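Hi everyone, thanks for coming. Let me bring the structure up on the screen, and then we'll walk through a few residues together.

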Amino acid sequence: MTILADQTLLRRENIETAELDGEWLLLNIDTHAITKVNELGGYIWSILPEFPTVAELAEKVHTEYGVEMEVVLDDVQAFVEMLIEAGLLINA
């Protein structure tokens with residue numbers, strides 16, 4: 001289990017998103033910073049309001065893509081940490 005596994009995550013306000021050719025652009029309106037994520041990252045971003053913890057996100061991705069749960073959990077954890085570091089997510 002990861003440190004963030006059960007912490008509730010919230011997307012920051014003022015983040016605009018756009019999907020282009022399978023990649024997602026996340027634009028922070030306040031800082032004008034753009035973060036590009038792949039299709040899976042965009043999927044995680046889109047389901048985050050319904051599945052607001054790393055554990056819930058990993059379970060949903062595991063179910064959707066059929067990837068080994070341990071791998072999914074590590075990848076989702078790393079992705080969420082990147083989003084927090086980029087100022088796109090906060091802990092509730």
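Let's begin with a question: is Asp21 buried or exposed? Keep in mind that this is a predicted model. Asp21 has a relative accessible area of 84%, and because anything over 50% counts as exposed, Asp21 is exposed. You'll find Asp21 in the loop between E2 and strand E3, residues 23–28. Its backbone deserves a look too: phi of Asp21 is near 50 degrees, a positive value in a residue other than glycine. For context, most residues other than glycine have a negative phi.

Asn14 also has a positive phi, near 65 degrees. Asn14 sits in the loop between strand E1, residues 9–11, and strand E2, residues 15–20. With a relative accessible area of 41%, Asn14 is partly exposed.

Now over to the helices. Thr53 lies in the loop between helix H1, 39–47, and helix H2, 54–65. Thr53 is buried, at 9% relative accessible area. And what does the side chain of Thr53 reach? The backbone nitrogen of Glu56, at 3.0 Å.

Within helix H2 we have His62, which is partly exposed at 27% relative accessibility. The C-alpha atoms of His62 and Gly22 are separated by 20 Å, and the two residues are 40 apart along the chain.

Last stop, the surface. Which residues form a negative patch there? They are Glu68, Glu70, Asp74 and Asp75. Asp75 belongs to helix H3, residues 69–85, and is partly exposed, with 48% relative accessibility.

Technical notes. Residues are numbered from 1 along each chain as its sequence is written. This is a predicted model: local features need pLDDT of at least 70, side-chain atom pairs count only at pLDDT 80 or more; totals for chains, interfaces and linings use all residues. Side-chain values use heavy atoms; hydrogens and water are left out. Patches are made of residues with over 30% relative accessible area and no salt bridge: like charges are joined within 9 Å, nonpolar side chains (Val, Leu, Ile, Met, Phe, Trp, Tyr) within 5 Å. Accessible areas come from the Shrake-Rupley method with a 1.4 Å probe; for residues, only the protein chains shown count as cover. A salt bridge is a side-chain nitrogen of Lys or Arg within 4 Å of a carboxyl oxygen of Asp or Glu. Lys and Arg count as positive and Asp and Glu as negative; His and the chain ends are not counted. The place of a charge is taken as NZ of Lys, CZ of Arg, CG of Asp or CD of Glu. Helices (H or I, at least four residues) and strands (E, at least two) are DSSP runs, numbered from the N terminus. Buried means under 20% relative accessible area, exposed over 50%, partly exposed in between (1.4 Å probe, protein chains only). A polar contact is a pair of N or O atoms within 3.5 Å; within protein, one must be able to donate a hydrogen and the other to accept it, and residues adjacent in sequence count only if both atoms are side-chain atoms.
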